[in-house]
Amino acid sequence: ADREEIGDVLDPVYDALGVPFDPNSVGSVAAAGGSNDPKEVARALEDAIVDGRPTTVERLADTAAGRET
């Protein structure tokens with residue numbers, strides 16, 4: 001929902017990188033008519049990526065501490 005603020009933050013970053021950027025090009029799911037609830041958006045993305053295929057969840061090792069989390 002904060003697309004204008006995000007565009008304001010990204011504009012000087014892209015400028016420092018020497019890459020053209022139009023802050024008006026920043027979009028959001030909410031601005032496109034979708035939910036602004038991050039959990040709902042994440043679930044919809046996960047469902048679209050998985051597309052009915054079986055999945056498993058694995059914990060990744062904490063590489064900084066050298067132990068599993």
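Exposed means over 50% relative accessible area, buried under 20%, and partly exposed in between (1.4 Å probe, protein chains only). This is a predicted model, where local features need pLDDT of at least 70, side-chain atom pairs count only at pLDDT 80 or more, and totals for chains, interfaces and linings use all residues. Residues are numbered from 1 along each chain as its sequence is written, and side-chain values use heavy atoms, with hydrogens and water left out.

**Exercise 1.** Work out whether Leu17 is buried or exposed, and find its patch.

Step 1: Leu17 sits in helix 1 (residues 3-17); helices are DSSP runs of H or I with at least four residues, numbered from the N terminus.
Step 2: Its relative accessibility is 62%, so Leu17 is exposed.
Step 3: Together with Val13 and Val19, Leu17 makes a nonpolar surface patch of about 260 Å². For such a patch, residues need over 30% relative accessible area and no salt bridge, and nonpolar side chains are joined within 5 Å.

**Exercise 2.** Find the salt bridge and place it in its helix.

Step 1: Look for a Lys or Arg side-chain nitrogen within 4 Å of an Asp or Glu carboxyl oxygen; the count comes to one.
Step 2: The pair is Arg43 and Glu46, at 3.1 Å from N to O.
Step 3: Both belong to helix 2 (residues 38-50), three residues apart, or about one turn.
Step 4: Glu46 has 38% relative accessible area, so it's partly exposed.

**Exercise 3.** Check what flanks helix 2.

Step 1: At its start, a side-chain oxygen of Asp37 comes within 2.9 Å of the Lys39 backbone nitrogen.
Step 2: After helix 2 comes Asp51, with a positive phi near 50 degrees.

Note on methods: Helices (H or I, at least four residues) and strands (E, at least two) are DSSP runs, numbered from the N terminus. A polar contact is a pair of N or O atoms within 3.5 Å; within protein, one must be able to donate a hydrogen and the other to accept it, and residues adjacent in sequence count only if both atoms are side-chain atoms. Patches are made of residues with over 30% relative accessible area and no salt bridge: like charges are joined within 9 Å, nonpolar side chains (Val, Leu, Ile, Met, Phe, Trp, Tyr) within 5 Å. Accessible areas come from the Shrake-Rupley method with a 1.4 Å probe; for residues, only the protein chains shown count as cover.
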